[in-house]
Amino acid sequence: MNVWEARWVRAFHLLFYACLALGLILSIGENKSPAPVTLVVLASLAVWHWFFVVRRPHLLGRLRPMAFHLAVLCALYVALVLTDRSFDMVIFGLMPQPYVLLTTPWSYAGAVTTILCTFAARGYLDDPDALWQLAGSCGLVVAIGMFLTYVLRQSEQTKTLGVLEERARLAREIHDTIAQGLSGIITQLEAAEQAMPGSGTPDLPAIRRRIALAKELARDNLQEARRSVDALRPGPLRDARLDAALAQVAERWSRTSEVSATVTVEGPPRPLPGEVGATLLRAAQEGLSNAAKHARAGRVAITLTYMDDEVTLDVFDDGKGFDPDARGSGYGLAAMRERARGVGGTLTVETAPGEGTALCLRIPSS
């Protein structure tokens, strides 16, 4: 039982005892002093509900114990009303109990049982004219139960969908931060390893440079991981505009990959919502990562364009390209498309073997 369900169960228990207390107040107002048998039945009803229902929430939903407890509650309620009609209104506290104690479809049977108990306590079952009222009351209580079940099911589905969306978001964050950072670190360490030949003099300056870059990437990756866990904006966007953040990312990527990457901004820059800026930045990082790992590009050009009704990001590399119709094994493009859809944008990929790759991300500005 989650927190939300526990609060509702607690509210229904309080409603039950409030109805008992209100019935007692009405009885005192009408009779001055309720009969001893009425007080005994009232106390028995309150104690039974407390000891066998309120104190044992782990048993809720189990058919055998809860059906027995509900039967006892109904029997005590009938006895209470027979001794004092002031306690008729306890039915309003008893009515939700079948949906608290039992699971579907047994809860509907329990709800109909409570209605029958009400009519029995009031002596209506012998009246043929009351049968229509009985049928209507049973239909109403079942309809209410079906509506509550539907609402709860929709709530569970919404919660499940939210969990799946959060998992997808975390997968994208891990891919865009930790996975890309570790890939860059591995690349630098492999380059440092290649600078240590089996014989001859190793290239110590090159080794030191590669190790220093690997350490820098590791520090940056650790910071990005912490920011992702804290659900903050991407690191480069925290203290910089998007165009400056893109220039920072491209400059760092050029140093680690030794491939030229340029950033061009067209149109007057303007502030963007945090998620839009993060999506554009992640797309640029993914394009650069793919150019380094797969394309074997010699040049990468990033263009950020501010238009009246949208913002576009183009990432072009002159690498070997690929077949866009072939099923790829990477997660990057799929994550980019999910990010784009999340902010109402679209991602298109234009490529062919031997002709480079062009990524275009379009996001409406309104």
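Me: What makes the meeting of the Asp-243 and Arg-241 side chains a salt bridge?
Reply: In this predicted model, the N to O distance between the side chains of Asp-243 and Arg-241 is 2.8 Å. The cut-off is a side-chain nitrogen of Lys or Arg within 4 Å of a carboxyl oxygen of Asp or Glu. The 2.8 Å of this pair is within 4 Å, so the name applies.

Me: Why does Asp-243 count as buried?
Reply: The relative accessibility of Asp-243 is 14%. Buried means under 20%, so Asp-243 is buried.

Me: What makes Arg-241 exposed?
Reply: Arg-241 has a relative accessible area of 55%. The label exposed needs a value over 50%, and Arg-241 is therefore exposed.

Me: How many salt bridges does the count come to by this rule?
Reply: The count is four. One of the salt bridges joins the side chains of Arg-85 and Asp-88, at 3.0 Å from N to O. This 3.0 Å is within the 4 Å limit, so the pair qualifies.

Me: Is Asp-88 buried or exposed?
Reply: Asp-88 is buried, because its relative accessible area of 13% is under 20%.

Me: Which residue forms a salt bridge with Glu-310?
Reply: Glu-310 forms a salt bridge with Arg-362, and their closest N and O atoms are 2.7 Å apart. The pair links distant parts of the chain: Glu-310 is in strand E3 and Arg-362 in strand E5 (residues 357-364), 52 residues apart. Glu-310 has 17% relative accessibility and so counts as buried, while Arg-362, at 37%, counts as partly exposed.

Me: Why are E1 and E2 said to pair?
Reply: Strand E1 (residues 260-266) and E2 share seven bridges in the parallel sense. Pairing requires at least two bridges, so E1 and E2 pair. Ser-260 has Arg-299 in E2 as its bridge partner.

Me: Which strand do seven bridges join to E2 in the antiparallel sense?
Reply: That is strand E3 (residues 310-317). Val-311 in E3 is the bridge partner of Tyr-306. E2 and E3 form a hairpin, with three residues between them.

Me: What makes strand E2 mostly covered?
Reply: E2 spans residues 299-306, and seven of its eight residues are buried. Each of these seven is therefore under 20% relative accessible area.

Me: Which residues form a nonpolar patch on the surface?
Reply: The patch consists of Leu-140, Ile-144, Phe-147 and Leu-148, with about 400 Å² of accessible area together. Membership requires over 30% relative accessible area. Phe-147 has 53%, so it clears that limit and also counts as exposed. Phe-147 is found in helix H7 (residues 131-194).

Me: What is the reach of helix H3 from its first C-alpha to its last?
Reply: Helix H3 (residues 63-83) reaches 30 Å, close to the 30 Å expected for its 21 residues at 1.5 Å a residue. The buried residues of H3 include Met-66, His-69, Leu-70, Val-72 and Leu-73.

Me: Is the peptide bond from Thr-104 to Pro-105 cis or trans?
Reply: The bond from Thr-104 to Pro-105 is cis, with omega near 5 degrees. Most peptide bonds are trans. Pro-105 lies in the loop between helix H5 (97-101) and helix H6 (106-122).

Note on methods: Residues are numbered from 1 along each chain as its sequence is written. This is a predicted model: local features need pLDDT of at least 70, side-chain atom pairs count only at pLDDT 80 or more; totals for chains, interfaces and linings use all residues. Side-chain values use heavy atoms; hydrogens and water are left out. Patches are made of residues with over 30% relative accessible area and no salt bridge: like charges are joined within 9 Å, nonpolar side chains (Val, Leu, Ile, Met, Phe, Trp, Tyr) within 5 Å. Accessible areas come from the Shrake-Rupley method with a 1.4 Å probe; for residues, only the protein chains shown count as cover. Helices (H or I, at least four residues) and strands (E, at least two) are DSSP runs, numbered from the N terminus. Buried means under 20% relative accessible area, exposed over 50%, partly exposed in between (1.4 Å probe, protein chains only). The expected span of a helix is 1.5 Å times one less than its number of residues.
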